[in-house]
Amino acid sequence: MGQDLHYSVGSSPTDPTDIESISDLRDWMGRCIERYENQVAEFESPVPHGRVYIARTIRYRSGEGLVQTGSAPSFFGGLWSLATCKKGMRGEPEGDNSPNPDHPFQRLFHDSDENGVRRPKCPVYILPSSSRSKSGNDKRPGVGSHRNWLTSVAMVTHGFDSMEDYGAYLRRAHDGEAVANRLTHVSDRPKIAENRGDCHVDDDGNVRYPPNKHQHGDGSGEPKCGCGNTSGGLNPYDHVDNSEFHVKCVSESDYWLGWTEPTFAIKPEDEFNVGSPVSKGLDDILSRFEAVPGGQ
Ligand SMILES: [Zn+2]
(Lines give C-alpha, C1' and ligand atoms only; values in the text may rest on other atoms or scores of the structure.)
Protein backbone atom coordinates (compact mmCIF):
# COMPACT_ATOMS: atom_id res chain seq x y z
CA MET A 1 0.00 0.00 0.00
CA GLY A 2 0.87 3.60 0.10
CA GLN A 3 2.68 4.03 -3.19
CA ASP A 4 0.67 7.24 -3.49
CA LEU A 5 2.43 8.50 -0.40
CA HIS A 6 5.91 8.51 -1.88
CA TYR A 7 7.78 11.79 -1.79
CA SER A 8 10.86 13.35 -3.26
CA VAL A 9 14.22 12.77 -1.58
CA GLY A 10 15.51 16.18 -2.54
CA SER A 11 13.92 18.11 0.26
CA SER A 12 17.28 19.04 1.70
CA PRO A 13 17.46 22.74 2.52
CA THR A 14 20.99 22.76 1.10
CA ASP A 15 20.93 22.85 -2.69
CA PRO A 16 23.28 20.11 -3.92
CA THR A 17 23.49 21.30 -7.53
CA ASP A 18 26.91 22.92 -7.05
CA ILE A 19 28.34 19.63 -5.89
CA GLU A 20 29.37 17.96 -9.13
CA SER A 21 32.47 15.95 -8.33
CA ILE A 22 33.61 13.61 -5.58
CA SER A 23 36.07 16.29 -4.53
CA ASP A 24 33.21 18.85 -4.23
CA LEU A 25 31.36 16.37 -2.06
CA ARG A 26 34.43 15.73 0.05
CA ASP A 27 34.86 19.48 0.59
CA TRP A 28 31.22 19.83 1.62
CA MET A 29 31.57 16.98 4.11
CA GLY A 30 34.70 18.58 5.52
CA ARG A 31 32.90 21.92 5.91
CA CYS A 32 30.13 20.19 7.89
CA ILE A 33 32.72 18.83 10.31
CA GLU A 34 34.27 22.28 10.77
CA ARG A 35 30.90 23.93 11.25
CA TYR A 36 29.81 21.36 13.81
CA GLU A 37 33.00 21.88 15.78
CA ASN A 38 32.60 25.67 15.63
CA GLN A 39 28.93 25.76 16.49
CA VAL A 40 28.19 22.68 18.59
CA ALA A 41 31.14 20.83 20.09
CA GLU A 42 34.60 19.55 19.31
CA PHE A 43 34.83 15.93 18.36
CA GLU A 44 36.72 13.58 20.63
CA SER A 45 38.21 12.04 17.48
CA PRO A 46 38.41 13.91 14.16
CA VAL A 47 38.33 10.73 12.05
CA PRO A 48 35.01 10.46 10.20
CA HIS A 49 33.27 7.10 10.29
CA GLY A 50 30.99 6.12 7.43
CA ARG A 51 28.18 3.67 6.82
CA VAL A 52 27.08 2.97 3.28
CA TYR A 53 23.93 0.92 2.75
CA ILE A 54 21.19 0.19 0.25
CA ALA A 55 17.85 1.80 1.09
CA ARG A 56 15.55 -0.42 -0.95
CA THR A 57 12.52 1.77 -0.40
CA ILE A 58 14.12 4.65 -2.32
CA ARG A 59 13.28 4.27 -6.00
CA TYR A 60 14.32 6.06 -9.15
CA ARG A 61 11.26 7.00 -11.19
CA SER A 62 11.29 8.59 -14.64
CA GLY A 63 10.05 12.14 -14.41
CA GLU A 64 10.20 12.12 -10.63
CA GLY A 65 13.75 11.19 -9.78
CA LEU A 66 14.53 9.60 -6.42
CA VAL A 67 11.47 9.12 -4.22
CA GLN A 68 11.11 7.60 -0.77
CA THR A 69 8.39 4.96 -0.62
CA GLY A 70 9.20 3.92 2.94
CA SER A 71 9.75 5.34 6.41
CA ALA A 72 13.54 5.50 6.63
CA PRO A 73 15.59 7.44 6.07
CA SER A 74 13.04 10.18 6.51
CA PHE A 75 13.47 13.54 4.78
CA PHE A 76 10.38 15.37 6.01
CA GLY A 77 10.56 19.06 6.73
CA GLY A 78 14.26 19.57 6.05
CA LEU A 79 15.31 17.07 8.69
CA TRP A 80 17.03 13.74 7.97
CA SER A 81 16.43 10.79 10.29
CA LEU A 82 17.10 7.07 10.38
CA ALA A 83 15.12 5.38 13.15
CA THR A 84 13.16 2.44 11.77
CA CYS A 85 15.48 0.71 9.26
CA LYS A 86 19.01 -0.74 9.36
CA LYS A 87 18.63 -1.41 13.07
CA GLY A 88 21.38 -4.02 13.05
CA MET A 89 23.80 -1.50 11.56
CA ARG A 90 22.82 0.89 14.37
CA GLY A 91 23.31 -1.55 17.25
CA GLU A 92 20.27 -3.83 17.46
CA PRO A 93 21.28 -7.45 18.17
CA GLU A 94 20.50 -9.70 15.23
CA GLY A 95 19.26 -13.26 15.37
CA ASP A 96 19.88 -14.86 18.76
CA ASN A 97 22.63 -12.45 19.78
CA SER A 98 22.31 -10.58 23.06
CA PRO A 99 22.52 -6.79 23.15
CA ASN A 100 26.06 -5.48 22.85
CA PRO A 101 26.80 -2.14 24.53
CA ASP A 102 30.16 -2.26 22.73
CA HIS A 103 28.58 -2.49 19.29
CA PRO A 104 30.79 -0.52 16.88
CA PHE A 105 28.00 1.94 16.14
CA GLN A 106 27.13 2.46 19.82
CA ARG A 107 30.76 3.33 20.49
CA LEU A 108 30.57 6.29 18.10
CA PHE A 109 28.25 8.17 20.47
CA HIS A 110 28.53 9.74 23.91
CA ASP A 111 26.11 8.69 26.63
CA SER A 112 22.77 10.50 26.74
CA ASP A 113 22.68 14.02 28.12
CA GLU A 114 19.87 15.25 30.40
CA ASN A 115 17.59 15.55 27.34
CA GLY A 116 18.30 12.04 26.12
CA VAL A 117 20.50 13.33 23.31
CA ARG A 118 23.60 11.33 22.36
CA ARG A 119 26.13 13.50 20.57
CA PRO A 120 28.61 11.86 18.20
CA LYS A 121 32.20 11.41 19.44
CA CYS A 122 33.48 11.72 15.88
CA PRO A 123 31.93 12.71 12.55
CA VAL A 124 29.45 9.93 11.68
CA TYR A 125 28.34 9.91 8.04
CA ILE A 126 25.52 7.75 6.72
CA LEU A 127 25.17 7.35 2.94
CA PRO A 128 22.02 5.48 1.87
CA SER A 129 22.04 4.45 -1.76
CA SER A 130 19.11 3.31 -3.83
CA SER A 131 18.61 -0.22 -5.06
CA ARG A 132 19.72 -1.04 -8.62
CA SER A 133 17.00 -3.65 -8.93
CA LYS A 134 15.25 -3.53 -12.29
CA SER A 135 11.88 -3.96 -10.64
CA GLY A 136 10.63 -0.73 -9.17
CA ASN A 137 13.44 1.40 -10.58
CA ASP A 138 13.59 3.16 -13.91
CA LYS A 139 16.84 3.95 -15.73
CA ARG A 140 18.00 7.50 -15.48
CA PRO A 141 17.93 9.19 -18.89
CA GLY A 142 21.34 9.05 -20.55
CA VAL A 143 22.60 6.30 -18.26
CA GLY A 144 22.83 2.82 -19.76
CA SER A 145 22.17 0.72 -16.68
CA HIS A 146 20.45 0.73 -13.33
CA ARG A 147 22.67 2.20 -10.62
CA ASN A 148 22.96 2.35 -6.85
CA TRP A 149 22.32 6.07 -6.68
CA LEU A 150 23.60 8.03 -3.71
CA THR A 151 20.34 9.36 -2.25
CA SER A 152 21.69 11.44 0.60
CA VAL A 153 24.75 12.11 2.70
CA ALA A 154 24.00 12.84 6.34
CA MET A 155 26.33 13.75 9.18
CA VAL A 156 24.57 12.57 12.32
CA THR A 157 24.11 15.45 14.75
CA HIS A 158 21.88 13.71 17.33
CA GLY A 159 21.39 10.12 18.47
CA PHE A 160 18.68 8.75 20.77
CA ASP A 161 18.23 5.43 22.53
CA SER A 162 14.49 5.75 23.06
CA MET A 163 11.54 6.78 20.91
CA GLU A 164 10.38 8.97 23.83
CA ASP A 165 13.60 10.98 23.77
CA TYR A 166 13.51 11.18 19.97
CA GLY A 167 9.88 12.36 20.06
CA ALA A 168 10.58 14.90 22.80
CA TYR A 169 13.48 16.28 20.75
CA LEU A 170 11.32 16.56 17.61
CA ARG A 171 8.69 18.56 19.49
CA ARG A 172 11.24 20.70 21.31
CA ALA A 173 13.49 21.58 18.38
CA HIS A 174 11.29 21.42 15.25
CA ASP A 175 7.88 22.22 13.83
CA GLY A 176 5.86 21.76 10.65
CA GLU A 177 6.26 18.60 8.58
CA ALA A 178 9.49 17.66 10.33
CA VAL A 179 7.36 16.80 13.35
CA ALA A 180 3.85 16.27 11.97
CA ASN A 181 4.88 13.67 9.36
CA ARG A 182 7.07 11.73 11.78
CA LEU A 183 4.86 11.17 14.82
CA THR A 184 2.76 8.08 14.12
CA HIS A 185 0.43 8.21 17.12
CA VAL A 186 -0.58 11.79 17.80
CA SER A 187 -4.32 12.38 17.43
CA ASP A 188 -4.10 14.98 14.65
CA ARG A 189 -1.55 13.04 12.56
CA PRO A 190 -1.76 13.31 8.79
CA LYS A 191 -2.25 10.06 6.87
CA ILE A 192 1.35 10.03 5.69
CA ALA A 193 2.61 9.97 9.30
CA GLU A 194 0.74 6.77 10.07
CA ASN A 195 2.42 4.96 7.22
CA ARG A 196 5.73 6.80 6.80
CA GLY A 197 6.39 8.25 10.24
CA ASP A 198 9.38 6.96 12.19
CA CYS A 199 8.59 8.03 15.75
CA HIS A 200 5.98 5.99 17.59
CA VAL A 201 4.82 8.35 20.32
CA ASP A 202 1.38 9.68 21.26
CA ASP A 203 0.04 13.09 22.33
CA ASP A 204 1.61 12.68 25.76
CA GLY A 205 4.99 11.67 24.33
CA ASN A 206 4.59 8.05 25.45
CA VAL A 207 5.92 5.29 23.24
CA ARG A 208 3.21 3.27 21.47
CA TYR A 209 3.04 0.10 19.45
CA PRO A 210 3.44 1.12 15.77
CA PRO A 211 0.13 1.62 13.97
CA ASN A 212 -0.91 -1.34 11.87
CA LYS A 213 -0.49 0.71 8.70
CA HIS A 214 3.12 1.56 9.39
CA GLN A 215 5.68 0.81 6.74
CA HIS A 216 7.91 -2.24 7.07
CA GLY A 217 11.34 -2.46 5.52
CA ASP A 218 11.12 -2.62 1.78
CA GLY A 219 7.46 -3.61 1.90
CA SER A 220 8.11 -7.11 0.56
CA GLY A 221 7.09 -10.01 2.75
CA GLU A 222 4.77 -10.10 5.73
CA PRO A 223 5.74 -8.19 8.85
CA LYS A 224 6.61 -10.53 11.72
CA CYS A 225 5.97 -7.90 14.36
CA GLY A 226 2.28 -8.53 14.96
CA CYS A 227 1.36 -4.95 14.24
CA GLY A 228 -1.38 -6.16 11.91
CA ASN A 229 -3.11 -7.23 15.12
CA THR A 230 -5.56 -4.45 15.82
CA SER A 231 -6.96 -5.83 19.07
CA GLY A 232 -4.52 -3.77 21.11
CA GLY A 233 -2.82 -4.79 24.33
CA LEU A 234 0.56 -5.27 22.69
CA ASN A 235 3.62 -4.15 24.64
CA PRO A 236 5.11 -1.24 22.66
CA TYR A 237 8.63 -2.29 23.63
CA ASP A 238 8.12 -5.69 22.01
CA HIS A 239 8.24 -4.02 18.59
CA VAL A 240 11.81 -3.73 17.34
CA ASP A 241 11.23 -0.17 16.10
CA ASN A 242 10.95 0.80 19.78
CA SER A 243 13.93 -1.20 20.99
CA GLU A 244 16.44 0.94 22.88
CA PHE A 245 19.42 -1.04 21.57
CA HIS A 246 19.59 0.78 18.24
CA VAL A 247 20.61 4.43 17.99
CA LYS A 248 17.92 6.56 16.33
CA CYS A 249 19.84 9.05 14.21
CA VAL A 250 19.05 12.62 13.17
CA SER A 251 20.93 15.02 10.89
CA GLU A 252 19.85 18.62 11.23
CA SER A 253 19.20 20.77 8.20
CA ASP A 254 22.69 22.09 7.43
CA TYR A 255 24.35 18.71 7.83
CA TRP A 256 22.81 16.64 5.06
CA LEU A 257 22.31 16.68 1.32
CA GLY A 258 19.61 14.84 -0.60
CA TRP A 259 19.29 14.39 -4.35
CA THR A 260 16.08 14.17 -6.35
CA GLU A 261 18.15 13.99 -9.54
CA PRO A 262 21.08 11.85 -8.46
CA THR A 263 24.64 12.90 -9.25
CA PHE A 264 26.68 10.10 -7.66
CA ALA A 265 26.48 6.32 -7.67
CA ILE A 266 28.29 3.39 -6.13
CA LYS A 267 31.11 2.33 -8.48
CA PRO A 268 30.22 -0.71 -10.57
CA GLU A 269 32.96 -2.80 -8.90
CA ASP A 270 31.52 -1.99 -5.46
CA GLU A 271 27.90 -2.67 -6.30
CA PHE A 272 27.97 -6.07 -4.69
CA ASN A 273 30.18 -5.12 -1.75
CA VAL A 274 27.89 -2.92 0.25
CA GLY A 275 27.49 -5.57 2.94
CA SER A 276 30.67 -4.47 4.73
CA PRO A 277 29.82 -0.87 5.22
CA VAL A 278 32.33 0.31 7.83
CA SER A 279 34.73 2.92 6.50
CA LYS A 280 37.01 5.52 8.08
CA GLY A 281 38.08 8.88 6.72
CA LEU A 282 36.37 10.86 3.98
CA ASP A 283 38.55 9.40 1.22
CA ASP A 284 37.74 5.86 2.29
CA ILE A 285 34.02 6.61 2.59
CA LEU A 286 33.91 8.27 -0.84
CA SER A 287 36.15 5.75 -2.58
CA ARG A 288 33.06 3.62 -3.24
CA PHE A 289 31.36 6.36 -5.26
CA GLU A 290 31.74 8.09 -8.60
CA ALA A 291 30.08 11.06 -10.25
CA VAL A 292 27.71 10.06 -13.04
CA PRO A 293 27.15 12.83 -15.58
CA GLY A 294 23.47 13.13 -16.38
CA GLY A 295 21.65 13.05 -19.66
CA GLN A 296 19.07 15.54 -18.43
ZN1 LIG B 1 5.50 -3.51 12.71
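This is a predicted model: local features need pLDDT of at least 70, side-chain atom pairs count only at pLDDT 80 or more; totals for chains, interfaces and linings use all residues.
Two strands are taken to pair if DSSP finds at least two bridges between them. Ile-126 has Ala-154 of β7 as its bridge partner.

The protein as a whole contains five helices and 15 strands. Of its 296 residues, 44% are buried. Among contacts with a separation of 6 or more, 71% are between residues 24 or more positions apart.

Strands β6 and β7 belong to an open sheet of five strands, arranged in the order β12-β7-β6-β2-β14 with mixed pairing. The edges of the sheet are formed by β12 (256-258) and β14 (278-280); each has a single partner strand, so one side of each is left without a neighbour in the sheet. On average, neighbouring strands of the sheet are turned by 20° against each other, direction ignored. In general, the strands of a sheet pair through backbone hydrogen bonds, in either a parallel or an antiparallel sense.

Strand β7 also pairs with β12, in the antiparallel sense and over three bridges. Here Ala-154 stands opposite Trp-256 of β12.

Helix α1 (residues 22-39) lies across β6, β7 and β12, and runs at about 25° to β7.

The largest nonpolar core comprises 62 residues. Those touching the most other members are Tyr-125, Leu-150, Val-153, Ala-154 and Met-155. With residues up to four places away in sequence not counted, Val-153 touches Leu-25, Met-29, Tyr-125, Leu-127, Trp-256 and Leu-257. The contacts of Val-153 include Leu-25 and Met-29, in a helix, α1, that spans residues 22-39.

Key. Residues are numbered from 1 along each chain as its sequence is written. Helices (H or I, at least four residues) and strands (E, at least two) are DSSP runs, numbered from the N terminus. A residue is buried if 20 or more other C-beta atoms lie within 10 Å of its own, exposed if 12 or fewer, and partly exposed in between; C-beta atoms are placed from the backbone. Two residues are in contact if their C-beta atoms, placed from the backbone, lie within 7 Å. Axes are lines fitted to C-alpha atoms, for helices over the stretch in contact, and angles run from 0 to 180 degrees between N-to-C directions. A nonpolar core is a set of buried Ala, Val, Leu, Ile, Met, Phe, Trp, Tyr and Cys residues joined through C-beta atoms within 7 Å.
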